[in-house]
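Me: Hi! Could you walk me through this structure in plain words?

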Amino acid sequence: MSTTAALDKSPALQKQVLTLDEATVRFCGDSGDGMQLAGTQFTNTSALMGNDIATFPDFPAEIRAPQGTLAGVSGFQVHFSSKDIYTPGDTVDALVAMNPAALATNLGELRAGGILIANSDAFEAKGLEQAGYKANPLEDGSLQAYRLHTVAMTKLTRAAVNHLELSQKEKDRCRNFFAMGLVFWLYDRPLEPTLRYIEEKFGKKPEIAQANTLALKAGYHYGETVEAINTQFHVPKAKLEPGTYTSIVGNTAVAYGLMAAARLSDKQLFLGAYPITPASSILEELARHKNFNVLTFQAEDEIAAMAATVGAAFAGAMATTVSSGPGIALKSEAMGLAVMTELPMVIVNVQRGGPSTGLPTKTEQADLYQAIFGRNGECPMPVLAASSPADCFDAAQEAWRIAVQYMVPVVLLTDGYIANGSEPWRIPKYADLEKIPVTHPAPGASGEKFLPYTRNERLARPWAVPGMTGLEHRIGGLEKQDVTGNVCYEPGNHEHMIRVRAAKVEKIVNDIPPQKLDGPPSGDVLVLSWGGTFGACATAVHNVQAQGKAVTHCHLRWLNPLPKDLGDILKRFKKILIPELNLGQLRTVIRAKYLIDAIGLNKIQGKPFSVGEVVGKIEAVLAGDTTSTHDDLANWDYKPPTKVAKQSANQGG
Amino acid sequence: MSVDVTLPVLKPTDFASDQDVRWCPGCGDYAILAQMKKIMPTLNIPREKIVFVSGIGCSSRFPYYMNTYGMHSIHGRAPAVATGIKSVRPDLNVWVITGDGDALSIGGNHLMHTIRRNLDINIVLFNNRIYGLTKGQYSPTSPLGKKTKSSPMGAIDNPLHPLSLAIGCEATFVARSIDTEIKHLGEVLMRAAKHAGTSFVEVYQNCNVFNDGAWAYAKDRDTKAETTLELIHNKPLIFGKNRDKGIRLNGMNPEVVDLGKGISEDDLLFHDEKATEPSLAYLLSRMRHVDGFPEPIGVFRAVDRPRYDVAINEQVEVATKERGVGDLDKLFNSGDVWQVA
């Protein structure tokens, strides 16, 4: 097996090539080291080679935390495989550490015997001290459990680009390309896609383009020539369903899904949004595509973004807003107005760690209560969640379909993990997507009073749009009389309207497909999950199924309402395990609705589940464990953490 | 009155909805509603193209009483709701009806940003210097020392002056009128409706239940000639029962002078509503009765500036012209793609 890179090969060196089913690589360094770029390039190249991929970018909230500190470490993990994969991998096979802080924070993820590539130039006194090392770990024998390759990346990069008219800083900035080149060689990946990227990105700055190209090739050649690295790995193509693929991140898929939904319903797309991590890139993506009849309104705040979305919906557009938990909190009042005025729109919450500002760049699933319950009054809203980056495309369309069918605002939950993570997306043909029909009432007959709150069989009211003669009407946040829409304070009418609004949401069960199960229809354990934990749960269930266990996976798309047949499904299993990245929010809902004593596997660390964690809990439940992770906190024997990490006091958020 | 032949001729009563008006008897809001209904048929705009948006407060019930499209939204957010409406439907004639609490307190941020964007909408602020709907707490325009239920020892917040704020945000149309000056009010609303850009109109409005007489000095037949000054474009600032007083600039400061005694009209400040720089309009908005000045009414400023509702749609047109109508299949396949057979 040989590499496909167009490089001069040294015939003198014969290195062995090992073929692997899959591998996981993590690039980590300072947040200014270009690790996200390295990871993205490696991902795209692997995808182009036909591997299945799953990625996990992990970066700090600070744009530039103090250089070399633990707080400033940025990482990007790529799992690539010749088989179907759903997660970015529990452990890392090869770790690239650009500085001591990156090593200190990421070494725990590297498997025993894994490859460790460290930029030895960065392991000097100051860097070591910042990372909390008393001795240089590259030299003190503490890394014997790994296949350590110390590479003087800074010096080697400088040597490669030395002749160019660039500042020292600019030269050193090419280091990530050197690291990429080395890892590209290690995993037998071609350089062409990255060379094309360099050409596109830096074409207008030929010196920089040349420097990056030289650094990339220097890294590749280094791998090829240096004797210490004697094995190259090859991961063959995966067997994916036939079709055309591209690698997509969740936020782009949301943007594409919304754009598709607008066109499928013959509507202008209006996005009212305020920048917030990790949702901003949806706003940015849509702002690029104005020629698709997309209007993006960057509002003065989250409240205005939501209020303008309500206004645009009233005026007849496909109105949407995107945000994250703290932003949704601010939008809540206007979301209530949307419920009261019964206007269709899509509200996307890319969940992040909370409460308050919380962990802006980290993932969590703790906004489920907020989505279902988080408004004043009896204020039901349909809630669905996307399960993976590519699934965001379908989920966005489904959200809009339900919104117009029922004349309701719909909440779509994603999370930081799937928003920034990528996977191969089998690109659909637009013509194959299901149309989303929208109807508006025709002009009213002269002298006939228009009744804005009449209803069809789904209890949806007519979407009468300004500009139509004879349909002039007034709506608002005050309670309405059914049928006429006039302000009405009658006790009986209020209860009737509360019931109408709740029934509208409940009736959605009639338009969502029966719940799919992965595994036998009955058995010992049902793993019930929702949202971005799909990959870890699916993989974990497949693992225990392979051991012959009677375990089934049930992944919910709709959280409100829950599918019609879910109650029956739950009864057919001895134990229900609900893994969630929160304290047990779906578990509470399931327990309340079905009176079933579900078990919770809960993790609130700003990180996704590893497959191993879920497998471990399934096995424990099979063996009789009925405890939930954070149950009975009233009797918790609190102890302060034994080790309180030394951190700079002025960290932002 | 010029009426497009294709439009039915409407009367003010055609703009009355079937809802009973529920403001307190004697409220200044009635006069504003009556003037609005009166100017509507003269605007040459089909009724179905008109939208009234409001927030929360007494004034915000306004949309329910107009037989047009309307939304009674939530507290302070009407400018943002209107922004959404006008952005996607620039063909609509959009009005925001608000009050001093709604616009300046809870909704201050939206007001500021809507004005600076200069969407072609009309904002009418009913200023009664009190919270009426919540039954009598002080508002952001209540004077210092104002004793109310929530300020029994007197308000200690320095009041906001709506027009100063609007001019600070570089509003392109700024005007003031008084609920009882119905002819003037009608003319100002008409000018606001015709202005292309955000029109901001403050109306001195009496709350006869919780703050009766707050504007007595400016409304009273006996005092108003001395306490108000009608602004007319290109005319000197003259006021007084005998029109014998004027406003002269002394350096950067206005001063009240008596005409005659060596001072002629030519020495006075001439009003220029078209001035590009908002400084003079701002100076006029700072003239207060309490400081011995007449308070100007009329149009302070009326200038042209690009409009957000036009620009946001122009970008779509330009993008479409340059790149063609977006092709989703092309977009989806625009990155690095690979085939699996």
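What follows is a chat about the structure shown above.

Me: Before we start, what kind of model is this, and how are things numbered?
Reply: This is a predicted model, where local features need pLDDT of at least 70, side-chain atom pairs count only at pLDDT 80 or more, and totals for chains, interfaces and linings use all residues. Residues are numbered from 1 along each chain as its sequence is written, while chains are lettered from A and ligands numbered from 1 in the order in which they are written.

Me: Great. Let's take chain B, then: how many helices and strands does it have?
Reply: Chain B comes to 11 helices and 12 strands. Helices (H or I, at least four residues) and strands (E, at least two) are DSSP runs, numbered from the N terminus.

Me: And what box do its C-alpha atoms fill?
Reply: Taken along the principal axes, the box for the C-alpha atoms of chain B is roughly 95 × 50 × 45 Å.

Me: What share of chain B is buried?
Reply: Of the 341 residues in chain B, 46% are buried. A residue is buried if 20 or more other C-beta atoms lie within 10 Å of its own, exposed if 12 or fewer, and partly exposed in between, with C-beta atoms placed from the backbone.

Me: Which strands make up the open sheet in chain B?
Reply: Three strands in the order S8-S9-S10 form that open sheet of chain B, and the pairing is antiparallel. Two strands pair if DSSP finds at least two bridges between them. The edge strands are S8 (238–239) and S10 (253–258) of chain B, each pairing on one side only. Between S8(B) and S9(B), residues 245–250, there are two bridges, and B:Ile238 is opposite B:Gly246 in S9(B).

Me: Now the A–B contact. How many residues does each chain put in?
Reply: Chain A puts in 61 residues and chain B 51 residues. Two residues are in contact if their C-beta atoms, placed from the backbone, lie within 7 Å.

Me: Which element of chain A gives the most there?
Reply: That is H11(A), with nine residues on the side of chain A that touches chain B. Elements giving two or more residues to that side include helix H1 (35–48), helix H9 (250–264) and helix H12 (325–341) of chain A.

Me: How do the residues on that side divide into nonpolar, polar and charged?
Reply: On the side of chain A that touches chain B, there are 33 nonpolar, 19 polar and nine charged residues. Ala, Val, Leu, Ile, Met, Phe, Trp, Tyr, Cys and Pro count as nonpolar, Asp, Glu, Lys and Arg as charged, and the others, Gly among them, as polar.

Me: Which strand of chain B is joined to S9(A)?
Reply: S9(A) is joined to strand S12 (residues 337–340) of chain B by four bridges, and the two run antiparallel. A:Gly243 has B:Val340 as its bridge partner in S12(B).

Me: Which strand pairs with S4(A) over nine bridges?
Reply: Strand S2 (residues 22–30) of chain A does, in the antiparallel sense, with A:Phe27 opposite A:Phe76. S3(A) is also joined to S4(A), antiparallel, by seven bridges, and there A:Ala54 has A:His79 as its partner.

Me: OK, helices. How far apart are the end C-alpha atoms of H6(A)?
Reply: They are 17 Å apart, which agrees with the 16 Å that the 12 residues of helix H6 (residues 175–186) of chain A should span at 1.5 Å a residue. The expected span is 1.5 Å times one less than the number of residues. In H6(A), 12 of 12 residues are buried, among them A:Phe177, A:Met180 and A:Trp185. A:Asp188, with a positive phi near 60 degrees, follows H6(A).

Me: What follows H17(A)?
Reply: H17(A) is followed by A:Gly548, which has a positive phi near 85 degrees. Helix H17 (residues 534–546) of chain A has 13 residues and reaches 18 Å from first C-alpha to last, close to the 18 Å expected. Its buried residues include A:Phe534, A:Cys537 and A:Val544.

Me: Last one: why does A:Thr320 count as buried?
Reply: A:Thr320 counts as buried because it has 32 C-beta neighbours inside 10 Å. Its place is in strand S12 (residues 318–323) of chain A.
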